Amino acid sequence: FADSTFYPLDAVIDSAFEKADELAVEINLSDDDVNEDVAQQTMRRGILPPGKTLDAVLPRAVWNSIDSICASWNFPVAGLVQMRPWLAATTLSVVAIQRAGINPEYGIDVVLMDRAATGGKAIVSLETAEEQVDAISDTDDSDSAGTYYLKTTLREISELDSMVTKMMRAWKTGDENLLREVMNDEPEDASDSDKKIKDNIDQKMYLNRNAKMAESVAKFLAEDRNVFVVVGAAHLVLEKDNVVERLRQKGLKVERF
């Protein structure tokens, strides 16, 4: 997600992209087959079993918050009722971000995939549809991680305008500390069980994927391939074992421009 103020991209980025032979993204959503696979994986992992509904799964206060937000947005809450908490959280995030004026069509990866297709560059996926969905889905039948993720999302929605402003400024200026501050925001009164859930989510969503992304970049270099790689900013700046640090641990030289 981004908006028109992100463009044109810095000349260093544009130049590197133009010189590259291939574009590597987390997942190639410009491919219809990949899109279909993501949709199928999402439905398989994100829909509650028959007879189970989201309002029955969630604590009453959390469901009431969802109901209130949907009413204020004029968004049909009935569309969330069959979703597992993690998918409801993702759906609400997308709606909230778009309401803030940030559009998926301006997303850096989307724009560069369009340019790659126009320029005849091959597009490489770093992850499969299954891996991408698994990173955010809750594998626990109790939906505990998904519920935590949903509660976090609801808290972020209440602060969204400020968060979006800070994240946009951080990305445009390359302010890693500000980006970490926004992404690591956590209530001071978080319980030990919530902290453990967050650690598990971070492991799935970031650390495991960072390792795989770094392996792919190292492989591109070993094969002397000229690849422009674009991934979510969190994979590059979050302090613990981000992609940049993983590459340095492999003895590779990483320069920042």
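Predicted model: local features only at pLDDT ≥ 70, side-chain atom pairs only at ≥ 80, totals over all residues.
**Exercise 1. The overall build**

Find out how many helices and strands the protein chain has, and check its radius of gyration against that of a compact globule.

*Solution.* 
- Step 1: Start with the elements; the protein chain has 13 helices and three strands.
- Step 2: Take the length, 257 residues, for which a compact globule would have a radius of gyration near 18 Å.
- Step 3: Compare this with the value for the protein chain, 19 Å, which agrees.
- Step 4: Look at the extent along the principal axes, where the C-alpha trace spans about 55 × 40 × 35 Å.
- Step 5: Finish with burial and contacts. Of the 257 residues, 40% count as buried. Among contacts between residues at least 6 apart in sequence, 80% join residues at least 24 apart.

**Exercise 2. Two aromatic pairs**

Classify the pair Phe 6 and Trp 171 as stacked, tilted or edge-to-face, then do likewise for Tyr 7 and Tyr 106.

*Solution.* 
- Step 1: For Phe 6 and Trp 171, the ring centres are 5.3 Å apart and the planes meet at 40°. Planes under 30 degrees apart would be stacked and those over 60 edge-to-face, so the rest count as tilted. This pair is therefore tilted.
- Step 2: Phe 6 is in the segment before helix 1 (11-19) and Trp 171 is in helix 9 (residues 160-173), so to speak a link between distant parts, 165 residues apart.
- Step 3: Check burial. Phe 6 has a relative accessible area of 9%, so it is buried, whereas Trp 171, at 33%, is partly exposed.
- Step 4: Turn to Tyr 7 and Tyr 106, whose ring centres are 6.2 Å apart with planes at 35°, so this pair is tilted.
- Step 5: Tyr 7 also lies in the segment before helix 1, while Tyr 106 is in the loop between helix 5 (85-99) and helix 6 (108-119), 99 residues away in the chain. Tyr 7 is partly exposed at 22%, and Tyr 106 is partly exposed at 35%.

**Exercise 3. The nonpolar cores**

Which residues of the largest nonpolar core touch the most other members, and which helix gives the most to this core?

*Solution.* 
- Step 1: Recall the background: in soluble globular proteins, nonpolar side chains tend to be buried together.
- Step 2: The largest core has 44 residues, and Leu 23, Leu 54, Ile 66, Leu 92, Leu 112 and Leu 150 touch the most other members.
- Step 3: Helix 5 gives the most, with seven residues.
- Step 4: Zoom in on Leu 112. Leaving aside neighbours within four places in sequence, Leu 112 is in contact with Leu 9, Phe 17, Leu 23, Phe 228 and Val 230.
- Step 5: Apart from this core lies another, of 11 residues, including Ala 24 and Phe 220.
- Step 6: Return to Phe 17 for one more feature: the charged end of Lys 121 sits over the ring of Phe 17, 5.2 Å from the ring centre.

**Exercise 4. Around helix 10**

Find what caps the N-terminal end of helix 10 and what the buried residues of this helix pack against.

*Solution.* 
- Step 1: The cap is Asp 175, with a side-chain oxygen 3.3 Å from the backbone nitrogen of Asn 177.
- Step 2: In helix 10 (residues 176-183), Leu 178, Leu 179, Arg 180 and Val 182 are buried.
- Step 3: The buried residues of helix 10 pack against helix 9 and helix 12 (234-237).

Terms used: Residues numbered from 1 in each chain as written. Heavy atoms only, no water. Phe/Tyr/Trp six-rings, centres within 6.5 Å; stacked < 30°, edge-to-face > 60°. Helix = DSSP H or I, 4+ residues; strand = E, 2+ residues; numbered from the N terminus. Buried < 20%, exposed > 50% of the residue type's maximum accessible area, 1.4 Å probe, protein only. Lys NZ or Arg CZ within 6 Å of the ring centre and 35° of its normal. Core = buried A, V, L, I, M, F, W, Y, C linked by side-chain atoms within 4.5 Å. Contact = heavy atoms within 4.5 Å. Polar contact = N/O pair within 3.5 Å; in protein donor to acceptor, adjacent residues only side chain to side chain. Rg over C-alpha atoms; globule rule 2.2 N^0.38 Å.
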